Amino acid sequence: MATLAARSEPFGAALERPQPLAITYQRLMVMLLIFAGVTFLIVARLMFLQVFTDRAPGGAAANPLLPARGDIVDRNGVPLARTIDAWTVGLRPGDIIGDPAEVAARLAALMPERSEAQYRAMIASGRTFIYLRRRALPELVEAANAIGEPGIVFSREPERLYPQTALAGHVLGWTDMEGHGVAGMERVLEERLLDPARRGEPVALSIDSRVQAAMESELASSVTAMSAEGGTGIVLDVRTGEIVAMASAPTFNPNDAGAANPAALYNRATMGVYELGSAFKPITIAAAMEAGVVTSPAQRWDAASPIQIGRFQIGDDHPLGRAITVPELLVHSSNIATAHVSDAMGAERMQQAFRNLGFDEPAHIELAERARPIWPDDWGRARVLTSGFGHGVAITPLHLASAYAALVNGGTWRPATLLRVAPGQAAPGRRVYSEATSFRMRQYLRMIVTHGTGRRAEAAGFRVGGKTGTAEKVSASGGYSRRVNVSTFAAAFPMDEPRYVVVVMMDAPRGNEETHFLTTAAWTAAPVVSRVIARAGPLLGIIPDAARDIDTSELIPLVAAAEH
Amino acid sequence: MIARSFKSVVWVAGIGGAALGCYMLSLQVAAERAELAGVEQRIVRARQAIRDLQTELGTRGRLSQLEQWNSEVLALSSPVAGQFVESELVLARLETRSNGELAEGAPVRMASAETVATAPAPQVRNAAAAPPAPSAAPQRPQVRTASAAAPSPAVPAVRRASLSEATAPPAVARARAGTPPGPTRAVSLLDERTARELGEASRAERRRAPAAAARPERTTAATAPRPDRAAKD
């Protein structure tokens with residue numbers, strides 16, 4: 001504007017002193033150009049503003065709400081893993097201006113994990129930057145700031161936080177310092193969680209944190225009470241294969257996975273391979289029903305005398321000494337009768353029955369931490385007979401949970417998944433058993449709980465059905481140890497319309513007064529199943545109802561002698 | 001001549017003014033934009049704060065912590081089968097049982113439309129009609145028995161609906177109001193507090209429509225699904 005004013009003055013003077021027309025035109029032209037130039041500048045500026053600043057501010061790339069790594073939530077949206085901006089306290093030794101000894105003393109008072117001498121050495125080290133504390137609390141940052149030393153620097157860095165601490169630690173896994181998934185779902189979902197286009201949306205797992213919490217607390221209290229080496233528990237949706245809870249004891253805190261006991265990082269549900277014992281019997285019976293070997297519940301199988309094969313002898317804990325019906329076989333958990341059923345099945349059909357359930361492959365689940373089952377190479381007669389009651393084939397508890405889901409859901413085997421499945425999007429799976437077989441197995445499983453070895457798994461009104469499995473653990477020397485057991489209880493509920501499978505396994509429990517110093521599944525794993533179902537059932541939408549149950553009346557007469 | 005020479009000055013001033021105006025406008029726009037950006041930044045900061053606080057709250061109230069509090073202080077346990085009520089009929093039965101003086105076998109019967117027809121005056125005795133005493137235990141069976149007058153045995157749901165509107169324990173009325181007649185399964189978790197709350201809500205609803213409660217033809221109205229009530233529930 002100043003330019004305009006200056007130029008206008010000689011224009012005024014020109015009026016006083018007439019000049020040649022040419023000069024006037026020239027000046028006019030200059031004025032015109034100046035005006036045109038200024039107007040052009042303004043218009044250009046306006047257009048610039050219009051064109052370049054009218055875009056959506058920020059843009060996706062700079063969206064501060066987009067987390068550096070996507071959230072992981074449970075099936076109901078409860079956050080299980082989040083990225084937060086955590087304070088980091090660092091040290092730049094070169095920028096220290098105060099007395100190093102004094103600074104070191106104050107640092108040692110604030111952060112006692114290192115000694116004063118160590119801090120002094122750090123200041124004297126001559127390095128450019130040293131982390132003093134990552135994920136520092138604001139109070140600590142404030143106190144460190146109060147030292148007033150420019151060499152102590154603070155910044156905010158994205159940190160992975162697991163708000164539920166140890167909950168579902170084995171499922172979630174953890175990340176390294178650079179924010180890359182190292183284990184669990186963090187590792188599986190690495191790409192998805194870092195993808196800028198998708199990381200704004202949290203990933204929903206199939207886990208229900210409330211059920212997970214119930215399972216973890218019940219499992220942990222039992223493992224502690226029975227001084228077991230460990231334990232695992234799985235809750236699986238039989239219709240979709242979603243894992244609603246998967247716990248492994250002992251647990252660890254993924255917020256500080258580095259500090260955890262290495263043994264605790266081991267996920268027994270998918271990495272532990274065990275001979276699961278009698279919990280295999282329903283699988284054998286169902287396969288025999290499919291194969292036409294077991295044709296009727298009233299069919300009698302010999303359990304009179306132990307079977308001798310080579311140097312092995314197959315016997316029963318409570319010998320019945322007579323031929324027994326199929327429900328009796330399951331209710332009393334007779335090894336001898338099951339061995340006869342397996343014998344009638346033959347090696348080929350037994351193998352096929354187990355292959356149908358994926359027992360020869362690693363567990364079908366997203367996690368990378370999964371073990372390959374121990375699938376025997378030679379299927380001699382001894383192997384066939386013992387495999388019928390769960391010896392010789394070692395699988396993970398997750399395998400067993402998937403198999404039981406197929407047993408009770410109408411006969412369809414589905415791979416397990418840790419990601420939430422939208423309604424109607426469940427994997428089609430493959431048919432392993434017929435509907436009729438599945439219904440019969442539901443009756444049998446329910447009877448095991450009402451009349452047999454699984455009584456302690458009953459949860460009033462939840463119509464629990466299931467099978468105990470107590471296997472002798474292979475000791476370090478290679479032989480079986482009679483006193484050290486792997487006690488499993490595989491259950492489903494409610495039996496009239498199965499929705500969830502619950503598998504609980506206790507690794508080497510020791511008896512206490514409560515269990516009468518017994519270590520069998522009926523005394524160790526079954527009560528855990530009962531308590532978990534009682535706690536989790538209502539959360540899962542199963543209303544306990546004492547007036548409902550699956551109809552087993554036609555089978556009850558077949559176990560008339562079941563008084564024990 | 002003077003006018004003509006002034007004309008150019010006016011032109012200069014005019015164009016200068018216009019240019020200035022344009023520039024001011026652009027400045028104004030820029031200032032508004034900056035302010036908008038500032039507001040947006042504040043929104044983002046607020047969202048971040050919300051997220052941080054949610055995270056903190058979630059971490060402090062994590063399930064393991066809740067469980068610890070529960071084991072130390074609250075000692076709550078999971079509900080058992082007896083605490084779930086299958087239908088309003090069972091619910092009515094539950095009410096009589098909790099009232100100690102009543103015989104164990106206090107009858108719950110279907111009431112007919114006649115119950116309502118005999119109408120407002122006697123109904124007032126019912127505890128349900130006395131707003132200030134929500135938990136007052138009624139001294140007689142709350143379910144009025146008028147089964148003798150049942151005109152047609154084929155429509156029990158209908159008659160139950162009319163009963164609950166008029167005389168049944170408030171909790172039943174409430175349970176009924178939200179559901180269309182028919183073989184529905186109203187499964188509800190009932191404890192004393194829930195029952196009281198349900199009762200109060202039911203009474204409040206009734207006060208809102210006192211006129212309707214007096215008319216006998218309401219019995220048929222109550223049998224149809226009532227969208228307004230359903231919406232409130």
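How many residues of chain B are in contact with chain A, and how many residues of chain A do they touch?

A: The model is a predicted one. In it, 32 residues of chain B are in contact with 37 residues of chain A. On the chain B side, the elements that give two or more residues are α1 (2-60) and α2 (63-74) of chain B. Of these, α1(B) supplies the largest share, 21 residues. Sorted by class, the side of chain B that touches chain A holds 16 nonpolar, nine polar and seven charged residues.

Taken along the principal axes, the C-alpha atoms of chain A fill a box of roughly 140 × 65 × 45 Å. Of the 564 residues of chain A, 47% count as buried. Among the contacts in chain A with a separation of 6 or more, 71% are between residues 24 or more positions apart.

The domain assignment of chain A gives domain 1 (72-205) and domain 2 (266-477 + 529-559). The C-alpha centres of domain 1 and domain 2 of chain A lie 47 Å apart. The contact takes ten residues from domain 1 of chain A and eight residues from domain 2 of chain A. On the domain 1 side, α6 (169-172) and α7 (184-188) of chain A are the elements that give two or more residues. The most comes from α7(A), with four residues. By class, that side of domain 1 of chain A divides into six nonpolar, two polar and two charged residues.

The largest nonpolar core has 135 residues, of which Leu236(A), Tyr404(A) and Val529(A) touch the most other members. Helix α17 (residues 521-539) of chain A gives the most to this core, eleven residues. The core draws at least three residues from each of domain 1 (72-205) and domain 2 (266-477 + 529-559) of chain A. Leaving aside residues up to four places away in sequence, Leu236(A) touches Gly241(A), Ile243(A), Val244(A), Ala401(A), Ser402(A), Ala405(A), Ala416(A), Tyr500(A) and Val501(A). Apart from this core lies another, of six residues, among them Val89(A), Leu91(A), Leu132(A) and Ala136(A).

Leu518(A) counts as partly exposed because it has 16 C-beta neighbours inside 10 Å. Not counting residues up to four places away in sequence, Leu518(A) touches Gly511(A) and Trp523(A). Arg483(A) is 35 residues from Leu518(A) along the chain, and their C-alpha atoms are separated by 9.4 Å.

Strand β14 (residues 465-474) of chain A is largely enclosed by the rest of the structure, because seven of its ten residues are buried. Ten bridges join β14(A) to strand β15 (residues 480-493) of chain A, and the two run antiparallel. One bridge partner pair is Val474(A) with Tyr480(A), the latter in β15(A).

Some backbone details remain. Most residues other than glycine have a negative phi, and most peptide bonds are trans. A cis peptide bond joins Phe493(A) and Pro494(A), with omega about -20°. Pro494(A) is in the loop between β15 and β16 of chain A. Another cis peptide bond joins Ala249(A) and Pro250(A), with omega about 0°. Pro250(A) lies in the loop between β7 (243-249) and α10 (268-271) of chain A.

As for phi, Arg135(A) has a positive value near 55°. Arg135(A) belongs to strand β3 (residues 130-136) of chain A, and its 15 C-beta neighbours inside 10 Å make it partly exposed. Ser227(A) also has a positive phi, near 45°. Ser227(A) sits in the loop between α9 (209-225) and β6 (230-237) of chain A, and is exposed, with 11 other C-beta atoms within 10 Å.

Technical notes: Residues numbered from 1 in each chain as written. Chains lettered and ligands numbered in written order. Predicted model: local features only at pLDDT ≥ 70, side-chain atom pairs only at ≥ 80, totals over all residues. Contact = placed C-beta atoms within 7 Å. Nonpolar A, V, L, I, M, F, W, Y, C, P; charged D, E, K, R; others polar. Buried ≥ 20, exposed ≤ 12 C-beta atoms within 10 Å, placed from the backbone. Core = buried A, V, L, I, M, F, W, Y, C linked by C-beta atoms within 7 Å. Domains from an automatic or database assignment. Pairing = 2+ DSSP bridges.
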